[in-house]
Structures are given as C-alpha cells and as structure tokens.
Amino acid sequence: MGQVKSLADLRKIKENQQGKMSLREKSNNPESLVQVRVAMATCGIASGAKQVMDFFIEEFDKRNIQAVVTQTGCMGYCFAEPTVEVTLPGKEPVVFGYVDAKKADDIIEKYVKNGELVEGIIPVNYETIEKK
Amino acid sequence: MAKYKMHVLVCGGTGCHASQSDLLLDNLKTIVADKGLDNEVQVIATGCFGFCEKGPIVKIMPDNTFYTQVTPEDAREIIEEHLIKGRKVNRLLYVDPENQEHIADSKHMGFYKKQLRIALRNCGFIDPENIDEYIARDGYEAMAKCLTEMTPQQVIDIMKKSGLRGRGGGGFPTGLKWEITNRSVSDIKYVVCNADEGDPGAFMDRSILEGDPHSVIEAMAICGYCIGGEHGLVYIRAEYPLAINRLKIAIEQAREYGLLGKNILGSDFSFDIELRYGAGAFVCGEETALIHSMEGLRGEPTVKPPFPSVSGYFEKPTNVNNVETFANVPVIINKGAEWFSSIGSEKSKGTKVFALAGKINNVGLIEVPMGTTLREVIYEIGGGIKDGKKFKAVQTGGPSGGCLTEKHLDVPIDYDNLIASGSMMGSGGMIVMDEDDCMVSVAKFYLDFTVEESCGKCSPCRIGNKRLYEILDKITQGKGTRDDIDRLRNLSTVIKDTALCGLGQTSPNPVLSTIDNFWDEYIEHVTDKKCRSGQCKALLQYFIDAENCVGCTACARNCPVNAIAGERKGIHVIDQTTCIKCGACMEKCKFNAVYIK
C-alpha cells in the first residue's frame, strides 16, 4: 500500500475499488438499470449458460452499460437453452432463447441499446403468482 | 484478477457474532473455495444490518436476497442451491408477520421501508476491515476537501448551517461546539470521541464503530482541523472488544495510507488517534467524568463551567462529540449543509439511530429522519408488540429519560418534542413495554441502575436516589401509602435541582414520568394494594375456588409454610397472613382451583 499524498491519489483508489463494489451499489436499485437474468439450471449450464453470463458481465462493463446480471433457476424452456430474460427499465421482461455469445452480442447492441427486438424471443403466455 | 459475479455479505456485528456468524463466514468461504467459485463469489463480513432480531443475517447481491437466522450448517445449502443453481433457499427467507409470505428482497421488508440511513450508511454494506471499501463510498473525500479547499471557519460554518446536534443525548449544536473550541487559545487541543455507550439497551455507537469505523476517524480528523488540534482520543468501553479491534485495524490502515499522521495529504495538518479504555461506568459518559477517567483519575464529574471546550483534558481545550454525531460529519461535508437540513424537523435536522428493544417484534437498530412518529417506529418498522399484546409505554433516553404512552404515539420524534412530552432523546435507546409490565417496577428497575452507577460524589444523587429506590421498593411490596407518592415527587424535584451532573439531574425522570403517566397504577399499588400486571409478587393473593376444589390435599401438603387448611375431600382455604405467595399450591393443583387476585 502506498501513501495517499493528494486528493488525486485518493480518487484513484476510489475508482479502482468502485469497480469491485459496483455490483453491490447497483443492486440497491436494480429497477433503474438493465437487468439480465440467465437461467442457470443443469440444462442451462450444460448448454453454455455460464459462458453467456460471463460474456454479458464483461461486455456490459466494456461497453459502459449500467446493468445487473444475475443467475436464476430453470425457466422451463429447456428446449431453448441457454435462456436469458432481459428487463429494460420500465418495460416488461423479454425472454430470449438459444443465446450464445453471438446472440448475446445482438441482444446488447440491438435490444438493450435501441430497443429493437431480436429473433429468438420466447413468448411468455403464463401468469405468475406475483401478477395475480 | 477475480471477476466477482456475486457478493455474499455476512453480518459481523456483535449480535450476529454471538450466534456464530464467524463460523458461518468460515464455512461459506471454505465451501466456496471447495467448489472452485472463489473467483466468482466474494464472501465478506460486514457491520450490523440492524435486523438483530433475526440474526445472523446473510445478504446476497446483486439479487438482494436477505436470509435470516442462518446457522453455520446452512452454508452448504445456500451455496449449492442459491449460488450454483440459482434457487433461493425459501426456508431462510424473512417471513412477513402479516401475511406469512416469504420476502426475498430486503427492500420490501417493513423494517427497511421507512428507514433513511445516513450515520449507518455503510453498516452492512462494506467490509469494515478494508479501508478501500470505505474510500469507494466517498470515504476520506470530505477530509481531503476540508484540508485542501477550505479554511477551518468555512467547515465550521457548514456544520453550523447543517443544524447537526449532538447525538449523545443533550442535543448541543455541533458546529457551535467546534467554534467555541476553535476560539479557545492554547498550544494543544484535543478531539475526543465519546464511545462510552452506557444506556441499558442502546448499541448504536457500538454498531457504527463495528460496521464503519473509518467514518468516525475521518470526522475526528475534520474536527481536529476545525478546532486546531492534532490529538484525537477515543474513549471506548472495554466491554466492546469487537469495536475496539475494528477501530484499531482502521486506525492502522489510515496511518499506512497517510490519512492519519504527519502532514496529511501534503497539507501542514497533522492528526493521530489513540484509544482510551473505560471500565464501563455509566457516569463516564458524562463529558467531565469521561475526561477525568482518561486522565487516570476517578471517573467523577466536575461542575461546568468551565466547559471542556475551554478547559478539558489536562486543562487543555477539548472537543467531545459522540460516535453517531461524528458519523454524520463526512456526509454533511460531501453533500452540503442544505441537503442535511432538508431532512428532519424544524429544530432537529437529519436522522437519528434508535435501538429497539423490549417487547417488540423486530428488535434491532434503525435509522429514521427526525420527526418520524413513535407509531411508525413501533408498528411499521418495529413490527408491533410481541405476541399481539397491547402497547403500554416506551422508555426513551434510558435511565435519564422518561416513558411515553399511547397518547404520545403520534408525536413526531425530535429533541424538543420528546422533552415537551416529559422524556428525552438520550442516546436513542427505546425500550418497549406491554400490558404485562408494571410501571412502578419499571421505575424501580431504572433507579436500581442509577443507584448502582452513581459515583457518590454529591449527596443528592448518592443518598437521594437510594431513598427513591427504597420508597419504590416499599410500594411494590404493598407497604406504600399516598404520602409516599408525594414524597417521591418532592424528593425527585430536589434531586433534579441540586445534583452535580447530568446523571443525578436526570435520574428521577423515570419516577416522575411514570407518576405523571400512570398515576392510576401508583394509586392502585398504595390504596388497593394491587398490581394490575401481576408483576409485584407481594401484592398478589392466592385463593382457592370452592367450586373446583375437590379436597385432594395436594396444595396443603406442598405448602412450605402450612398456610392451607382443609379436611380431606373438603374445601381448602388459604390463610392470607401466613401465605408467602410462592405459588407452589397453584403449580400442584390439578383441578385449576387455585387462582390469583
């Protein structure tokens, strides 16, 4: 640990550490951010959900998009794994199937940035307890 | 470098620590490493989350899952189910007492909804043993701003404008205190942090020091800059080992970074902090007694003036502030006096931390804006009274305060309103009482405490409080008279007017406020010889119901003083003059024939 000699030094430590803690900061108000939930049950992991999740986390960081990436259980669309649910602030969640790195890239560029839909959407036609 | 996807925050406050959160933390870390997740999941200990009722607490981010009452054995399930498979462990989630539903997200818990956390901003969010995490949350930026961009007077002006008042109980304006110490001329001046939290049931200062020690260190340095002092002292009770340990680590880290020591941040301001341990005497929370104790003398108060700001530690100007007061300072500098003074009520700005204890569902630590009503605190945040019983009173201000009753439920809580209601803010302990509590016994309990804690220097406190206690004891024994109540009142007034320090001047408050608010109960005790809550054992009378008694003689055989007479298969009778009210007869009777009146 070096000595902190000026306000600039202090800010440097702050920025460096903030990156490590942004996960906690963001989760205080996830509604205002892009939320991505990756289905990570056995079927999802087997089809590569872990890599997809890593891709999202790294790319959001690189492309400077404020987002929260979490994992969730099986969404039931085992035929279309890996599946990913994306919720833009103030919008209904949209579920995408067959997501690989390329599709993930499409989702970020088209849906997250511009709100354009991408192929592979799984229509959600059930009700959850929360909605009732 | 590890790229963490998830952060697991484990409460490391004293409460959760006592329920094995340290073991839980070890288990989580070991299993995470076993599963090869140590590059994805970060497990850290934090300060108190405040929800001590349901500790140990584990919070998982980013999905904000809030697990309660987690045992070390639950670590594996949390990791295998939640972290790996993404399924929340339902049985560990908080259950809403109203509709019995599981609540996963702490934001939806009634306990957190109404809270606004300024002093506790980092508690339960950062690792208190890692200075970088504090810096990431704007830590030491306020100090840097003061040292590089502002004059001491400018900082004092901000403090004055913010309206921050001492959180230790008295409510003296902090900025003004700093200004007075600044004006005192001397070669050496001291900054003292009062961490001698002595109110029974109060633990906000301990939690701040355990959860966010750097905020206090930073604020003490700012204070040192304002008053022109280079020496900081924390007077902390030796019963707080965890807080002492975290504070030591924090001071060491700040020194390594050069945030304490010579020429901080290249300025010509130097400041360092030392610890002084108290032996846990209540009176040492009083600033003059505290200073004497630090000097190595007996912890006895002296008459003010001179105030410590003029002549304190070794007769040098000394600025004494409480832990919670200090914790507010960095935020005020960073966010501005206007921001701070926009929160709270007219004469009490900002927030206050309260420790909820007693017969309340959510025992714990909360922080609310000044002006929040007692009803909101007790029912919405505190979750109401235990076992659905009826609210009777709440004691605020500890042994120096008074009780508030149902008619005060909608009074906005601030310094002045509490005093107008016959109590005081104190350090923020709130002990909730229900219908089963006898108010005479409550007054007696607090007097017992002050009698024990009185330093004995002045006679009103040493002798007067002892007499108050004896009269109260006489009343609870059923031997009191109407004159005794008048005597209590007179003596209380005299003690208040003549005692030397704050301890003695406030010790009769619980007596006066219970007499004012529960006059009926006192009268019942002295004229009807009755205690409606059944707490005063001496006032109970045992009877045998002639309808239910079958004459089995079980009660008579078990009575240790032979107070029960009656033939076999005949109705038994208790002789009230011999009965010692031990309750053995009631316990032995199989026919529910013994009752209390």
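Two residues are taken to be in contact if their C-beta atoms, placed from the backbone, lie within 7 Å. By this criterion, residues 24 or more positions apart account for 62% of the contacts in chain A with a separation of 6 or more.

This is a predicted model, in which local features need pLDDT of at least 70 and side-chain atom pairs count only at pLDDT 80 or more, while totals for chains, interfaces and linings use all residues. Residues are numbered from 1 along each chain as its sequence is written, and chains are lettered from A and ligands numbered from 1 in the order in which they are written.

**Chain A**

Chain A contains 4 helices and 5 strands; helices (H or I, at least four residues) and strands (E, at least two) are DSSP runs, numbered from the N terminus. The C-alpha atoms of chain A fill a box of roughly 60 × 35 × 25 Å along the principal axes. Of the 132 residues in chain A, 30% are buried (20 or more other C-beta atoms within 10 Å of the residue's own, with C-beta atoms placed from the backbone).

**The sheet of chain B**

In chain B, 4 strands form an open sheet with mixed pairing, in the order β2-β1-β3-β4; two strands pair if DSSP finds at least two bridges between them. The edge strands, each pairing on one side only, are tabulated below.

| Edge strand | Residues |
|---|---|
| β2 (chain B) | residues 41-46 |
| β4 (chain B) | residues 65-67 |

From one strand to the next, the twist averages 20 degrees. Strand β3 of chain B (residues 58-61) pairs with β4(B) in the antiparallel sense over 3 bridges. B:Ile60 stands opposite B:Thr65 in β4(B).

How values were computed. A residue is buried if 20 or more other C-beta atoms lie within 10 Å of its own, exposed if 12 or fewer, and partly exposed in between; C-beta atoms are placed from the backbone. Axes are lines fitted to C-alpha atoms, for helices over the stretch in contact, and angles run from 0 to 180 degrees between N-to-C directions.
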